[in-house]
Amino acid sequence: MKRLIVIIASLLISTVALAQDKPAAADEYNTTRELQSKVFEVHSRDAREIASSIKLLGSGFKGTALSVNPEMRTITVRDFKENIVAIEGAIARLDRPVADSPDIEMKISVLIGSKTPLAGAESIPEELAPVVKQLQSTLRYAHYGLMTAVVQRTKPGNGINGSGVAEPTLLGMTVREGQPILYNYRLVRITTTGSEHPSIDITNFEFSMRVPINVGGAQPIQYQSVGFETPVSIRQNEKVVIGTTTMGDKALIVVVTATVAPKG
């Protein structure tokens, strides 16, 4: 019995000793080391993006902090000296000017094809004459007119959106006031490959037109959508027929020209 009591007492003493050797919690650990503060100015990049990249370089101890002022373009750090040194080095490496990427110029032309002459349509620009000649040999429409043409610029990785109102007489239609023919186009993520003879890639090209249709009944006018979507790859200055869609006895043909242009 005495031996059992001695063993239990020894175990209790060991448990107390282990508890005394256990490290203090992180919140209570820093009792002697001094925290320092420093403000870093960010010159070339977004201060918030750099702060997101360096936040794990901090010690994480109680009392440390990292704050960003986007308007002043500053990052303020409170931490141990060695952490501040590491953060300072990281900011110096990350705060570099971004190489300016060239503009991508997209010219989007919407043509109307018809079996009969188109009254009021704009004449086809000379630059699109070869495209029309090719269309006349492949499609069943003998006459072509220009509905609209737009030029927009963007940067690699971005996209383009646009919309407008079509002239109904060009489509052989008569619509009431307040019931216009609407068109929309959207180019999703435009990128380039190559430098001397670049290729312009469009992840998805979407074109749609909303047309008021008389269906009778309590709400005789309802809008119907026509259009298409497709991925596209275009060589520099190449004119590409992206797609066609029919509306009655007419056809809509979308032609795109892409150019990698210097910043203007």
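Colleague: Is Val165 buried or exposed?
Modeller: This is a predicted model. Val165 is found in strand S6, residues 160-166. The cut-off for exposed is over 50% relative accessible area. Val165 has 57% relative accessibility, so Val165 counts as exposed.

Colleague: Which residues does Val165 touch, not counting those up to four places away in sequence?
Modeller: A contact here needs heavy atoms within 4.5 Å. Neighbours up to four places away in sequence are left out. Val165 then touches Pro180, Ile181, Leu182 and Tyr183.

Colleague: How far apart in space are Val165 and Tyr183, C-alpha to C-alpha?
Modeller: Tyr183 is among the residues that Val165 touches. The two are 18 residues apart in sequence. In space, C-alpha to C-alpha, the distance is 6.2 Å.

Colleague: Where is Met173 found?
Modeller: Strand S6 covers residues 160-166. Strand S7 covers 181-193. Met173 is found in the loop between S6 and S7.

Colleague: Which residues does Met173 touch, leaving out those up to four places away in sequence?
Modeller: Take Val211 as one of them. Met173 and Val211 are 38 residues apart in sequence and 9.7 Å apart in space, C-alpha to C-alpha. Ile181, which Val165 also touches, is another contact of Met173.

Colleague: Which strands are the edge strands of the open four-strand sheet?
Modeller: The sheet has the order S5-S4-S11-S10, with antiparallel pairing. An edge strand pairs on one side only. That applies to strand S5 (143-154) and strand S10 (239-247).

Colleague: What does the twist average from one strand to the next?
Modeller: The sheet in question is the open one, S5-S4-S11-S10. From one strand to the next, its twist averages 20°.

Colleague: How many bridges join S4 to S5?
Modeller: Strand S4 holds residues 103-114 and runs antiparallel to S5. Met106 stands opposite Gln152 in S5. The number of bridges joining S4 to S5 is eleven.

Colleague: What percentage of the residues of the protein count as buried?
Modeller: The protein has five helices and eleven strands. Buried means under 20% relative accessible area. Of the 264 residues, the share that counts as buried is 32%.

Colleague: What share of the accessible surface belongs to carbon and sulfur atoms?
Modeller: The accessible surface of the protein comes to about 16500 Å². The share belonging to carbon and sulfur atoms is 52%.

Definitions and conventions. Residues are numbered from 1 along each chain as its sequence is written. This is a predicted model: local features need pLDDT of at least 70, side-chain atom pairs count only at pLDDT 80 or more; totals for chains, interfaces and linings use all residues. Side-chain values use heavy atoms; hydrogens and water are left out. Helices (H or I, at least four residues) and strands (E, at least two) are DSSP runs, numbered from the N terminus. Buried means under 20% relative accessible area, exposed over 50%, partly exposed in between (1.4 Å probe, protein chains only). Accessible areas come from the Shrake-Rupley method with a 1.4 Å probe; for residues, only the protein chains shown count as cover. Two strands pair if DSSP finds at least two bridges between them. Axes are lines fitted to C-alpha atoms, for helices over the stretch in contact, and angles run from 0 to 180 degrees between N-to-C directions.
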